Amino acid sequence: MTTTYVLDGSRIETLEDFWRIIGEAVNGPGGYFGQNLDAFADCLSGGFGTPDDDDFAVEWRDHQASRTLLGHPETARQLAIRLARCHPTNRPRVGADLAAARQGQGPTVFDWLVEIFEDRAPGTLRLR
């Protein structure tokens, strides 16, 4: 039987909200399911609350609200944080991505998350 974890997209306004909401959906109140993109990808790959047989789905309800809120302004905010923390050799690339996001171009935070689902747990994400 497939275990389905439900995300309420109306409550996901920032990437930090996403970490909290998916952590709670998968592992209960205060639950953890990644707090950065790499950790999230690792969590989707197995363990950390997902069923060991990989028979699970994530239903992202009201995903259109999240798509809008996790759009280019939130992407620019996240990239600005990343730019301040990243290794000096990564700054040109992150800076270019930040400039693009500020122009409303390039992938968004929502796109990043969907791509990780597709790469690490194909077929598990259901956008509703």
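Biologist: Which helices each supply at least two residues of the lining of the second largest pocket?

Modeller: Rolling a probe the size of a water molecule over the atoms shows where empty space is left. A pocket is an open set of points on a 1 Å grid over the protein atoms alone, where a 1.4 Å probe fits, with protein on both sides within 12 Å along at least five of seven lines; its lining residues have an atom within 4 Å of a point. In this case, helix 4 (residues 72-85) and helix 5 (91-102) each supply at least two lining residues; helices are DSSP runs of H or I with at least four residues, and strands are E runs with at least two, numbered from the N terminus. Helix 5 has the largest share, 4 residues. This is a predicted model, in which local features need pLDDT of at least 70 and side-chain atom pairs count only at pLDDT 80 or more, while totals for chains, interfaces and linings use all residues. Residues are numbered from 1 along each chain as its sequence is written, and side-chain values use heavy atoms, without hydrogens and water.

Biologist: What is the volume of the second largest pocket, and what classes line it?

Modeller: A volume is the space filled by probe spheres set on the points, which are joined across faces, edges and corners; here it is about 200 Å³. The lining has 6 nonpolar residues (Ala, Val, Leu, Ile, Met, Phe, Trp, Tyr, Cys or Pro), 3 charged (Asp, Glu, Lys or Arg) and 3 polar (the others, Gly among them). Among them are L37, R82, R93, D97 and W112.

Biologist: Which elements supply the lining of the largest pocket?

Modeller: Helix 1 (15-27), helix 2 (37-44) and helix 4 each give at least two residues, and helix 4 has the largest share, 4 residues. The volume of this pocket is about 320 Å³, and its lining includes W19, L37, Q78 and R82.

Biologist: How many residues does the largest nonpolar core have?

Modeller: Such a core is a set of buried Ala, Val, Leu, Ile, Met, Phe, Trp, Tyr and Cys residues joined through side-chain atoms within 4.5 Å. This one has 33 residues, and L7, F18 and W60 are among those with the most contacts inside it. Helix 6 (109-120) is one of the elements that give two or more residues, and helix 6 gives the most, 7 residues. L7 touches residues including F18, I22 and V58 (heavy atoms within 4.5 Å).

Definitions and conventions
Buried < 20%, exposed > 50% of the residue type's maximum accessible area, 1.4 Å probe, protein only. Lists of a residue's contacts leave out its neighbours within four places in sequence.
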